[in-house]
Amino acid sequence: MQNDSEEVAMKEARRRERQAGLENSDTGIGFCGWLLVGLSLIFTLLTLPFSIWMCIKIVKEYERAIIFRLGRILRGGAKGPGLFFIVPCTDSFINVDMRTITFDIPPQEVLTKDSVTVSVDGVVYYRVQNATLAVANITNADAATRLLAQTTLRNVLGTKNLAEILSDREEIAHSMQSTLDDATDDWGIKVERVEIKDVKLPLQLQRAMAAEAEASREARAKVIAAEGEMNASRALKEASLVIAESPSGLQLRYLQTLNTIAAEKNSTIIFPLPLEMMQAFVKH
């Protein structure tokens with residue numbers, strides 16, 4: 001936990017250093033720049049009150065504005081939300097949406113570590129954490145994050161075998177989030193969450209896995225049936241030993257069986273005769 005907090009603090013410090021390097025002061029525009037700014041202010045004052053509508057700008061609660069004066073980012077970073085003022089003719093601004101953005105990772109054909117081809121897709125949640133870096137350091141942060149998510153998904157899954165992909169989705173998603181967050185830190189992007197949506201297997205592999213699972217279930221069923229037969233044979237052996245000790249017990253068992261058959265209201269009853277009785281007839 002302490003190492004994680006130190007790493008986060010170091011990232012934040014580096015981000016602030018990069019932002020400070022991008023935010024140049026107004027004195028950096030030079031004498032000609034100040035001359036143009038002064039002429040623009042004079043023109044604005046002469047055309048009041050019409051020019052006031054060109055100076056006042058509004059950004060929404062979930063937006064930030066990056067102001068460029070003669071091509072340089074103004075000191076103070078992003079402006080907003082609410083009202084802010086610009087100087088006509090010399091200032092321009094870009095609005096940056098700070099809300100969380102979600103996008104689907106298209107299905108990626110990946111060759112796993114055990115040489116199995118699978119199709120995997122996912123979803124990524126990210127937001128712009130630093131509007132200045134998102135504007136100044138990359139042309140299109142959204143498109144770059146989408147492409148990076150696709151390559152990261154293929155790279156991470158290429159180091160896993162099929163069993164790990166099917167069972168360790170949370171670990172894979174966490175690894176992807178950490179990799180994407182580190183890679184997009186220079187762009188002012190914060191990757192909040194990554195989820196693996198679906199893992200599609202080839203049809204032949206699905207059939208093979210289904211046959212393997214069915215064979216495994218049949219093998220377990222045969223083992224259970226064999227164990228049941230063994231336990232039943234042991235119980236019958238013990239019962240025969242008990243009956244052999246008391247010959248009258250066998251007669252009672254005959255009567256109990258007859259009572260059970262008669263209770264079912266059968267039209268035909270087969271009554272077993274004791275072997276001793278048959279031996280008596282044979283002697284006569």
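**Notebook: salt bridges**

I began with Glu192, which is partly exposed at 33% relative accessibility; partly exposed lies between buried (under 20% relative accessible area) and exposed (over 50%), with a 1.4 Å probe and protein chains only.

I noted that the model is predicted, that local features need pLDDT of at least 70 and side-chain atom pairs pLDDT 80 or more, while totals for chains, interfaces and linings use all residues. Residues are numbered from 1 along each chain as its sequence is written, and side-chain values use heavy atoms, without hydrogens and water.

Next I looked up the partner of Glu192. Its side chain forms a salt bridge with that of Arg127, at 2.6 Å from N to O; the term means a side-chain nitrogen of Lys or Arg within 4 Å of a carboxyl oxygen of Asp or Glu. Arg127 sits in strand S7 (residues 117-128) and Glu192 in strand S8, 65 residues apart. Strands are DSSP runs of E with at least two residues, numbered from the N terminus. I found Arg127 partly exposed as well, at 27%.

I then searched the whole structure and got eight salt bridges. One of them joins Lys197 and Asp104, at 3.7 Å from N to O. Lys197 is in strand S8 (residues 189-200) and Asp104 in strand S6 (residues 101-111), so this pair ties together parts 93 residues apart in sequence. I looked up the accessibility of both: 43% for Lys197, partly exposed, and 46% for Asp104, also partly exposed.

Last, I checked Glu195. Its salt bridge is with Arg193, the closest N and O atoms being 2.7 Å apart. Glu195 is partly exposed at 28%, and Arg193 is partly exposed at 46%.

Terms used:
Helix = DSSP H or I, 4+ residues; strand = E, 2+ residues; numbered from the N terminus.
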